[in-house]
Amino acid sequence: MRDIQGKTSLCFHNDVFILNSASIVGKKEGEGPYKDSFDKIETDPFFGTDSWEKAESTLQEQTAFLALEKQNLHPDDLRYIFAGDLLGQEIATGFGMVTLGRPVFGLYSACSTIGEALSLGAMTINAGYADQVLSLASSHFATAEKQFRFPLEYGHQTPPSSTRTVTGCGAFVLSSQAGAAKITGITTGIIMDYGIKDALNMGAVMAPAACNTITRNFNDFGRGPGDYDKIVTGDLGVVGRQLLFDLLAKEGIDISAQHMDCGIEIFDGDTQSTHAGGSGCGCSAAFLSAVLLPKIASGEYRRILFVPTGALLSPVSSNEGQSIPGIAHAVVIEKG
Amino acid sequence: MENSVKKEYQDHVKSITPKPNLPLDMLKAFLVGGVICCIGQGIINTAASLGADKQTAASWSSFLLILISVILTGFGLFAKIADFGGAGALVPITGFANGISSCALEFQTEGQVFGIGTRLFFIGGPVIVYGLATSGGLGLIYYILLRMGVI
């Protein structure tokens with residue numbers, strides 16, 4: 001019981017280290033401002049396969065093995081895998097994790113999946129149920145377009161509030177062995193539905209969930225914005241960021257000095273015409289691995305609050321006229 | 001949660017969400033749509049000058065515009081034109097051709113029957129369904145008015 005923190009958080013008293021991580025992204029992400037940070041940039045959108053879905057599975061598989069290889073680990077060194085993606089019935093994970101041959105928990109939390117995967121992985125290690133696990137999440141621009149919107153070559157316009165799904169994957173080996181960063185706490189997301197129905201304004205859908213999770217994290221841990229070097233949301237984009245600031249202002253909280261959004265960072269909105277920014281599971285996952293963790297390892301950031309955000313819609317719920325619920329999972333990451 | 005809180009948030013979202021630049025978008029649509037129509041008219045005039053009657057010349061125009069649109073879709077160029085020109089590229093027959101061919105491309109990996117066969121009209125289907133329904137309804141009105149001696 002000693003790990004329970006406040007009403008909805010956990011503070012881990014056993015060590016949960018991020019032993020290692022890997023990121024692989026697509027061509028467009030590899031042309032963005034962080035092109036030199038990712039482990040690998042795959043210029044073939046099919047990843048050497050003949051379908052978008054197989055491409056995303058291959059992306060997951062390659063990223064998982066890359067994360068293991070960096071530390072000379074074998075899949076057998078993992079006790080569990082926590083993995084997810086955006087596709088119906090989670091087929092990117094279902095097919096991508098076959099070759100690892102380890103016990104898998106398949107997760108869905110839309111674009112916040114990596115937050116859920118890291119949370120559950122950290123809980124598992126903290127509880128002593130595993131010594132080493134793998135947490136990962138992926139997204140692919142083409143599979144997401146096909147799943148949620150239109151065929152890729154269908155001509156249409158998107159409004160300035162829309163985002164572009166990142167082709168990318170981030171994989172993290174969590175371990176009780178010492179690593180450069182560690183997960184010290186989590187605040188799990190509560191589903192928030194403010195009645196937004198516009199599937200092309202995901203920032204507006206997710207901002208209330210991000211606000212709720214960040215506020216609960218502060219309350220549960222007795223912390224404020226100044227206790228974190230960075231507060232990093234997943235894929236709110238420029239519209240969602242403004243809404244998050246406005247919602248937090250009502251609570252008397254100002255995080256503008258610490259805030260960063262993976263979706264805004266990962267592309268150059270001016271030159272890459274990505275409108276409000278990047279989105280997708282792979283956006284926050286790859287960004288955490290490629291950009292944030294190295295800065296934690298170097299000591300530039302001592303403690304961050306990583307808050308991937310997700311919009312829990314499906315084409316069916318949208319067609320049925322339902323509003324879109326949002327969710328955000330917070331993970332406290334500190335220097336190891 | 002109280003509905004007033006939701007309503008207040010929704011109104012706030014509406015007020016801060018950037019809107020597309022309507023005059024600029026309309027200008028782009030006018031340009032792209034205009035160019036497509038000029039190409040179509042060019043085909044009609046050419047066919048007519050080669051001796052085709054009015055109806056045949058118009059058919060050549062539709063046929064070639066569809067062909068060009070499908071080829072551009074295959075090369076990944078139509079989506080870029082539509083991203084710039086919006087409805088200017090979508091409203092002429094070119095948009096319909098793109099809607100069908102982009103589905104064929106996208107779903108070919110799922111097979112000839114359940115992929116292409118089932119999903120070919122994923123975008124074009126509603127246009128056909130409601131186009132036919134509307135023309136049927138208008139035809140009925142026309143017939144009634146005709147019988148009543150109004151027309």
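Helices and strands are taken here as DSSP runs, numbered from the N terminus. On that basis, chain B of this predicted model reads along its sequence as α-α-α-α-α-α-α-α. Its secondary structure comes to eight helices and zero strands. The radius of gyration of chain B is 21 Å, whereas the globule rule gives 15 Å for 151 residues. The value is well over the rule, so chain B is more spread out than a compact globule. Along the principal axes, the C-alpha atoms of chain B fill a box of roughly 70 × 55 × 40 Å. Of its 151 residues, 22% count as buried. Among contacts in chain B with a separation of 6 or more, 58% join residues 24 or more positions apart.

A residue counts as buried if 20 or more other C-beta atoms lie within 10 Å of its own. In helix 6 of chain B, 11 of the 15 residues are buried, so the helix is largely enclosed by the rest of the structure. The buried residues include Thr94(B), Ala97(B), Ile100(B), Cys103(B) and Phe107(B).

The two chains also touch. In this interface, 28 residues of chain B are in contact with 24 residues of chain A. On the side of chain B that touches chain A, two or more residues come from each of helix 1 (3-16), helix 4 (78-85), helix 5 (87-90) and helix 6 (93-107) of chain B. Helix 6 of chain B gives the most, with seven residues. By type, this side of chain B divides into 14 nonpolar, 11 polar and three charged residues.

Chain A is assigned two domains: domain 1 (16-175) and domain 2 (181-335). Their C-alpha centres lie 18 Å apart. Between them, 49 residues of domain 1 of chain A are in contact with 50 residues of domain 2 of chain A. Several elements supply at least two residues each to the domain 1 side, among them strand 3 (17-26), helix 3 (113-126) and strand 7 (132-139) of chain A. Helix 3 of chain A gives the most to this side, with seven residues. The domain 1 side divides into 23 nonpolar, 20 polar and six charged residues.

The largest nonpolar core has 106 residues. Leu136(A), Leu174(A), Ala210(A), Ile214(A) and Phe306(A) touch the most other members. Domain 1 and domain 2 of chain A each give this core at least three residues. Leaving aside neighbours within four places in sequence, the contacts of Leu174(A) include Val16(A), Ile18(A), Ala122(A), Ile125(A) and Val133(A).

Leu86(A) lies in the loop between strand 5 (80-84) and helix 2 (91-96) of chain A. With 25 other C-beta atoms within 10 Å, Leu86(A) is buried. Not counting residues up to four places away in sequence, Leu86(A) touches Ala110(A), Ser139(A), Ala144(A), Gln147(A), Gly280(A) and Cys281(A). The C-alpha atoms of Leu86(A) and Thr143(A) are separated by 8.4 Å, although these residues are 57 residues apart along the chain.

Technical notes
Residues are numbered from 1 along each chain as its sequence is written. Chains are lettered from A and ligands numbered from 1 in the order in which they are written. This is a predicted model: local features need pLDDT of at least 70, side-chain atom pairs count only at pLDDT 80 or more; totals for chains, interfaces and linings use all residues. Two residues are in contact if their C-beta atoms, placed from the backbone, lie within 7 Å. Helices (H or I, at least four residues) and strands (E, at least two) are DSSP runs, numbered from the N terminus. Ala, Val, Leu, Ile, Met, Phe, Trp, Tyr, Cys and Pro count as nonpolar, Asp, Glu, Lys and Arg as charged, and the others, Gly among them, as polar. A residue is buried if 20 or more other C-beta atoms lie within 10 Å of its own, exposed if 12 or fewer, and partly exposed in between; C-beta atoms are placed from the backbone. The radius of gyration is taken over C-alpha atoms; the globule rule is 2.2 Å times the number of residues to the power 0.38. A nonpolar core is a set of buried Ala, Val, Leu, Ile, Met, Phe, Trp, Tyr and Cys residues joined through C-beta atoms within 7 Å. Domain bounds come from an automatic or database domain assignment.
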